[in-house]
Amino acid sequence: MRSPPTLAQGNLPFARLWHAFLTARVMVALALVLLVLTGSAVNQLASPLLLLASGLYFIATLSLRAFGRRTPPPPQPGLHWLSTIGVDLVLIAVLQALQSGSSVNFTPLFGLPLLLASVLGTLTLALGTAACATLLLLGWAVGAGGTDNAPMYLQAALTGTGYFVVAYLTHLLAARLISEQETAQRSQMDARTQRAVSALVMQHVADGVLVLDTEGQVRLANPAALLLLRPHAEGGVPFALGHHGAWAPLLALARETFALQVPQTVDVNILHDGVAPMALRVRSWPTHTRAAALSADEEPLCVMFLHDLREMEARLRTEKLAAMGRMSAAVAHEIRNPLAAISQANELLAEDLSDPGHQRLTSMVRQNAERLVRITEEVLDIARVQHRPQHAEPVMVALDEAVRQIWIDWQAHDPARRQGQLKLEAGSVQVEFDPEHLRRVLVNLLDNALRYMGPHANSLCVSTRTTPSGRAGLQIWSDGAPLDQSVERHLFEPFFSSESRSSGLGLYICRELCQRHGAAISYQRTSRSLSRGEVPGNAFTVLFRGSNLSASTPSLFDTIGH
């Protein structure tokens, strides 16, 4: 038989029960003292030994209650029960022996140690206590009537049998109550865990979640749902879907779900005044179905999942672009070999031609072949950027030193035309960026500026600086004409170019490389103070993520370029 748990096992109610038993023993001892004193006053219980035994018992019980252990003793039989069960049995035996000749019977007091052993101890302890009480009863029967007093023997046997039955049944009842309590505690713990997990999921799930009753009242809504239903849902739950006409499609879907008792999936448009329509895919489930009816104490509810179709479309576009990028990389790889053969054959053919017309044709072939080579290399670069490991070990580079070397190498290819100003003011700042990727970004931006800048020596300016907010930045400025608004909106998109001879991949590759390293690239139309006055121009700004800097994108590059 499994023993009841104690406070040492983490059971607070049984600690209270232990204290209740100790208090009951004190009350019984006090009652005995008062009974003996009253009997002495009327000359019925005048034995001094009886008064002494009652007084000692009262002192023992009061000391244990006041200074004894705060927790129940281990349930197994042992010496730790002597201060309670042992003292009670000895006291009752003494009291009964001292009053053997009178009509007073102290044997009902055996009930207290018997209950204590049955509730807080093991079955062995309970039955052992009952056996001790029965043996004491039989001993008193022998001492009082000898071997010829059959009624006393029968009375002792019946009382002892009752003790055994009470001990066994009380222990079974205590064990059953303990089992029910443990089950209830586990259920409460599971319920608390489930609520905590559900709340965590509701807070962080990407889809909006609504829980509605049959009246259209929203009982529960996660932050994503409140964001989708704003501005009227900013007050939080509970709120009624019927209060605003924009939510009418959701209310109609909830009513249909309750009526049909089957899950529903529909696409709805939420129309708020002065706001663009919001397309949502809504899935609703009833908490009860025709197959599983509700019990009498359950309330029918409807759970709705709101998914923003704009996010779904954005993911589809991303997947399409990724698939297109993979296909383009495969095509570019296949084009590269025959293109190299065409270029080589054209060079060999040009060596044998002397006619100016034929030489112009071979020159056109060479120029267009070189253009195709650049396009294929840029497409392959996109594939390399997209498949580079995201979590590679960060590389720190000295910004000014790296920009100076890239500028020198870029100018060396055409010193007469590639002129400009270089202003390095970032000092010893280091930025987290792959050196080869930084070279690619800066060369792309310089080539782009070279294509549109004016003829002056200061038409192009490359500058670095640490902004007032503590971020290191790089800016390439040129005095080119302003961009058309339609061009500016699609500036960093792939395969978009305002020039027919450009692939439209240069700025897209720059953005991808910057994002991979936590940097931000942006375009502004800004002016610079030059020797020829205040000159407007186009500026491409890169803000880097340092060792302790974030990668948020500002609207302007603080004060760089002004």
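View 1. The model is predicted: local features need pLDDT of at least 70, side-chain atom pairs count only at pLDDT 80 or more, and totals for chains, interfaces and linings use all residues. Residues are numbered from 1 along each chain as its sequence is written, and side-chain values use heavy atoms, with hydrogens and water left out. Helices (H or I, at least four residues) and strands (E, at least two) are DSSP runs, numbered from the N terminus.

Buried in α8 are L250, L251, L253, A254, T257 and F258. Seen down the helix axis, the buried residues of α8 fall within an arc of 160 degrees, so they line one face. The arc is that of the directions from the helix axis to the C-beta atoms. An α-helix has 3.6 residues a turn, so residues three or four places apart point the same way. On the face of α8 turned away from its buried side sit the exposed residues R255 and A259. Buried means under 20% relative accessible area, exposed over 50%, and partly exposed in between (1.4 Å probe, protein chains only). The cover over the buried residues of α8 includes β1 (208-212), α7 (223-229), β4 (264-270), β5 (278-286) and β6 (302-308).

View 2. Q261 lies in the loop between α8 and β4. Its phi is positive, about 60 degrees, although Q261 is not a glycine. Most residues other than glycine have a negative phi. Q261 is partly exposed, at 23% relative accessibility.

**View 3. The largest nonpolar core.** This core has 37 residues; W81, I85, L95, F110, L116, L120 and Y163 have the most contacts inside it. A nonpolar core is a set of buried Ala, Val, Leu, Ile, Met, Phe, Trp, Tyr and Cys residues joined through side-chain atoms within 4.5 Å. Two or more residues each come from α1 (12-41), α2 (48-67), α3 (82-98), α4 (111-120), α5 (123-145) and α6 (150-204). The largest share, seven residues, is from α1. What does L120 touch, not counting residues up to four places away in sequence? The partners of L120 are F14, L17, W18, F21, P75 and W81. Contact here means heavy atoms within 4.5 Å. Apart from this core lies another, of 36 residues, among them W407, L450, Y523 and F540.

View 4. D88 forms a salt bridge with R25, with the closest N and O atoms 3.0 Å apart. The pair links distant parts of the chain: D88 is in helix α3 and R25 in helix α1, 63 residues apart. D88 is buried, with a relative accessible area of 2%. R25 is buried too, at 1% relative accessibility. A salt bridge is a side-chain nitrogen of Lys or Arg within 4 Å of a carboxyl oxygen of Asp or Glu. The structure holds 10 of them.

**View 5. Further salt bridges.** R283 and D207 form a salt bridge, the closest N and O atoms being 3.4 Å apart. R283 lies in strand β5 and D207 in the loop between α6 and β1, so the pair ties together parts 76 residues apart in sequence. R283 is partly exposed, with a relative accessible area of 31%, whereas D207 is buried, at 16%.

E425 forms a salt bridge with R465, the closest N and O atoms being 3.0 Å apart. E425 is in strand β8 (residues 421-425) and R465 in strand β10 (residues 460-466), so this pair joins parts 40 residues apart in sequence. E425 is partly exposed, at 44% relative accessible area. R465 is partly exposed, at 23%. D213, R219 and E299 are linked in a network of salt bridges.

**View 6. Strand β13 and its partners.** Strand β13 (residues 533-543) is mostly covered, with eight of its 11 residues buried. Strand β12 (residues 520-530) pairs with β13 in the antiparallel sense over 11 bridges. A520 stands opposite L543 in β13. A hairpin of two residues joins β12 to β13. Strand β11 (residues 472-478) also pairs with β13 in the antiparallel sense, over six bridges. S478 has N538 of β13 as its bridge partner. Two strands pair if DSSP finds at least two bridges between them.
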